[in-house]
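I opened my notebook and went through the model with a few plain look-ups. Here is what I wrote down as I went.

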Amino acid sequence: MTLQEILFALERYWSDRGCLIHQPWDAEVGAGTMHPETFLRVLGPKPWRVAYCQPTRRPADGRYGENPNRLYKHEQFQVILKPAPADVQDAYLGSLVALGIDPAAHDIRFEEDNWESPTLGAWGIGWQVLLDGLEITQFTYFQQAGGLDLQPISAEITYGLERIAMYLQGVEDVYDVRWSKDRQYREVRHEEEYQLSRYSFELADVELFRELFDKYLKEGWRTLEAPGGRSLLAAYDWCLKGSHAFNILDARGAISVSQRAGMILGIRKLACAIAAAHVAPREGTMVEAPRG
Amino acid sequence: MAELLLEIGCEEIPAAWLPGLGEQLRARFAELAAREPLTTSGLRSLWTPRRLVLVAEVPGRQEDREETVFGPPRSAARDASGAWTSAAKGFAKKVGRAPEELLSLPKVAGGDVLYLAHTRRVEGRLAKDVLPILVGQLLRALAFPKRMSWDAWLDDGKGAFPFGRPIRWIAALLDGDVLPFTIYALENGAKSGPIVQSGNVTFAHRFLPRGEAGRPIQVASFAELLAKLRERFVLLDPEERAVRIRESLAELGRSLDDHGLASEWRDLVECPAVMVGGIPAEFRSLPREVLETVLVHHQKYLPIASGGALTRFAAVTNTDGSNVAEITRGMERVVVARLRDGRFFFEEDLKRPLAERVEDLAGVAFHQKLGSYRDKAERMTRLVTIMGAEMGLLTKPEHEAARQAALLAKADLTTLMVREFPELQGIMGGIYLRAQGHGWEGVASAVHWHYHPISIEEGSPPASALAGSDATVFGAVSLADKLDTLAGYFGLGLMPTGSSDPYGLRRAAQGVIRVLLDFWSAAEAEERPNLRRLVAAAVAGYGGGLSRTAADVVPELEAFLFDRLRYVLVARGYPADEVEAVLGARDPDALENPHEAWVRLKALHRVRQEAREDFEHLAVAFKRARNILGERREALPDATLFQEEAERLLDQAVSGLSGRDGGYEARLRALASLRAPVDRFFDDVLVMAEDPKLRENRLGLLARTLSLFYRIADISKLGGQA
């Protein structure tokens, strides 16, 4: 199965189970969870089912295209089932069968791994799913997002597409993964990995990013609190930008342990305020009003 | 008797929780059943990651019992004319009796006030009616390290029903008959339709046997549950799984160090099948710590050594043991990917001498307001210099080794390996120093261990790893690191509050205490570290760089360390009152010499066990004495003013003891003999005599008596029973 066939299979599988298939968010994010289709949709009472692929940037994981397993940017396939159905684990395992994995012939296990995103004020209870010792999925029952207790509880299923492709294709190096029938991951992404790694480890202007970090958050607050409301989605984009600036600074080794805590808190406060605004019963929030 | 069988089918429960949950299941059920009351026997709990099972023998019916209801007090039962009051008549009517038929009983046995009462026979309820309620109470009573909301609701008046993991089925049977029990959905904060209803079915292995997985299986009894599950690749009894794992491991080698994994493996799977993978030869030259970190901590695989090198690993799978080749290939690929990372880091890191990296620490912030790790290394170096040169705690060579180690201790924070595997911090520094030919083992081992001690238990690492001078050098560096951190954070006002200790300061302080108790090897040290001086030096090390003054910081940090000393001593099993007594002694001061305080505590503990009664008497007497004396200082009494024989006897006893030398135990034993004269003194002598001269003399004698003890422990802090 090529990487794109894996993506098609997952999209088809979850589409057949009632999921809206969304597109990636068009801002740098460190996890599929940061997509508003997860972060905001899991808030409030309204049922929602969505799946999408999200390219995920983790500057500190960049390896100049030299490491066979580690990437600055990798593809996450993200599923949100709200509320989590009683057969959610079986539904997930069905998706592995759809990828051609025979669970009876492998060691597939759900091992405790609780997920937490301090920047989003979000956490959940769950597992990493191991396939013959390889972590292929993070499976989480969201408990809180934006500092708010959730009800109903959403199940979040996050697949690491490159890892699954490597496993299915039996290759040892991510750059050997077949993306399509005739193109390899190397051709598509290697140069990008090099350049983005170079940028985040060598070129990124630390002082500029410190400044940007502060300004992004400031603009986020200004936008959120703008008179007239209906601005939280725009504010959230600034929050995401702040989070990415933080990740760049982190990759540059420019953040100390305690600064880290303070900066994370800064992002979290904005994310929590956005979440609170989103669930506040007033006009203009994403739940009530169509976007367009 | 009837068989109660309860199986709670869950999504995968964390392995580490399961033994405790099994224990809770039995204990909580026993308590709840006793409250009903319902006599139970043969309680047994079993588990796998996907199920918690309880079996018990219960009677088919509760025993009948008598129940007494109370009405008004008898004094209010009749009016002045002797007629029944309306309260009495009302109560009689309520219980369906005539007033004359009522009893007069106290509410508690032996009580003075009598009440009108009626005793009725209550028929026992059928077990099948009682048990469904108990099931709900039992599920509520289970405590988890972390609970989750899963949108569930119980109809027990409490509503929302969080649990450890979502429950997916419940088999609840009494002699094969289903005990009805329902878990409802929670929707919009209220009860909605049922999501789990108890029945007589179970589910076996998730995937095995092929084609049958996921099908409900009917069961009528525990024996049938056990057998049907076993047929379908689930070993319900943890002991059975443990045996299977042990047997598999035994085939692999007699002296396998299981790193504590074997017991965890048992509860990670329902059907353990151990598989063995190979470690390619190219990785065997990696330091053992790196290999073990990858295998044990990240993959929960067990390293297998042969010929001194780690050549293979064992892993537990939740399978029938077939398809070994493909599964182990998958596991090997994960291991290889991680080891390849590890080797890359190792080789890259070795390209630069560790000492060069000390300068790089200038770019790694320790804390925004406390400077970089380069600054910290500098402060740590100054602190060990003070220990060596000013406080005389280190020999010359120890001093030099500690100075080097303090400077190098944090350098590995800039290595790729530690950035990837933070749990190897310190350890890698030691490994790199040795690999790069730093000839001084004392330096390498101090760097290696300086984040320790982490556990407060005596004998825990690095107790057996270090001896003699190496232990002292380690102790100095470890102290310098922790005290510097504590001084810095306290200096910024970032003290732990309540359960919140984000910077791990309690553990750091406990580490300080443990170094002082366990690593300044008692027999050898000429000078013992004075914790007050060390605290002052650590705070002074920041110069003017703290936001609070030393006058504010030092007493708070001292109090914090004092509290941790108390905590460690109590944790080591000494009764709290003995710890208080020792720490309450004013001179010697426990913070000036914590190790010596521990020696006093050990002595007090032993001698008090020998002479428990004497110490009880002395404690009572000394509490009295303290109350009378207040802050009065001891004074040599004037023998000419003694009027009572008891005064003279006490004075003689005290004088005989006050010059006494010897170990604490010997002195305490001698002091215990004061019990008789002290008791007699209080019996016979009026301390607060009217004549002020007499009074002062008696108070002086008492104060002198107490002061004998104060050099060891404040005996008045001892409780009567402890």
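This is a predicted model: local features need pLDDT of at least 70, side-chain atom pairs count only at pLDDT 80 or more; totals for chains, interfaces and linings use all residues.

**Entry 1: a helix in chain B**

I looked up the buried residues of α18(B) and found Val553(B), Leu557(B), Leu561(B), Arg564(B), Leu565(B), Val568(B) and Leu569(B). They span an arc of only 135 degrees around the axis, so they sit on the same side of α18(B). (The arc is that of the directions from the helix axis to the C-beta atoms.) For "buried" I used 20 or more other C-beta atoms within 10 Å of a residue's own, for "exposed" 12 or fewer, and for "partly exposed" anything in between, with C-beta atoms placed from the backbone.

Residues are numbered from 1 along each chain as its sequence is written, while chains are lettered from A and ligands numbered from 1 in the order in which they are written.

Which exposed residues are on the face of α18(B) turned away from its buried side? I found Ala551(B), Pro555(B) and Ala559(B) there. The helix covers residues 550–571 of chain B, and its 22 residues reach 31 Å from first C-alpha to last, close to the 32 Å expected at 1.5 Å a residue. (The expected span is 1.5 Å times one less than the number of residues.) Helices (H or I, at least four residues) and strands (E, at least two) are DSSP runs, numbered from the N terminus.

Next I checked what the buried residues of α18(B) pack against: α15 (468–491), α16 (505–519), α17 (531–540), α19 (576–584) and α20 (594–610) of chain B. Contact here means that the C-beta atoms of two residues, placed from the backbone, lie within 7 Å. After α18(B) comes Gly573(B), with a positive phi near 100 degrees.

**Entry 2: one arginine**

I then picked Arg600(B), which is found in helix α20 of chain B. Is Arg600(B) buried or exposed? It counts as buried because it has 25 C-beta neighbours inside 10 Å. Leaving aside neighbours within four places in sequence, Arg600(B) touches Val582(B), Tyr664(B), Ile712(B) and Ala713(B). I also noted that Arg600(B) and Leu668(B) are 68 residues apart in sequence but 9.6 Å apart in space, C-alpha to C-alpha.

I went looking for cis peptide bonds. One joins Lys82(A) and Pro83(A), with omega about 0 degrees, and Pro83(A) is in the loop between β3 (73–82) and α3 of chain A. Another runs from His452(B) to Pro453(B), with omega near -10 degrees. Pro453(B) is in the loop between α14 (441–449) and α15 of chain B.

Asp151(B) has phi near 60 degrees, and it counts as buried with 23 C-beta neighbours inside 10 Å. Asn188(B) has phi of about 50 degrees, but this residue is exposed, with 9 other C-beta atoms within 10 Å. I found Asn188(B) in the loop between β11 (182–187) and β12 (190–197) of chain B.

**Entry 3: where the chains meet**

How many residues does each chain bring to the contact? I got 34 from chain A and 36 from chain B. On the chain A side, β4(A) gives the most, with 4 residues.
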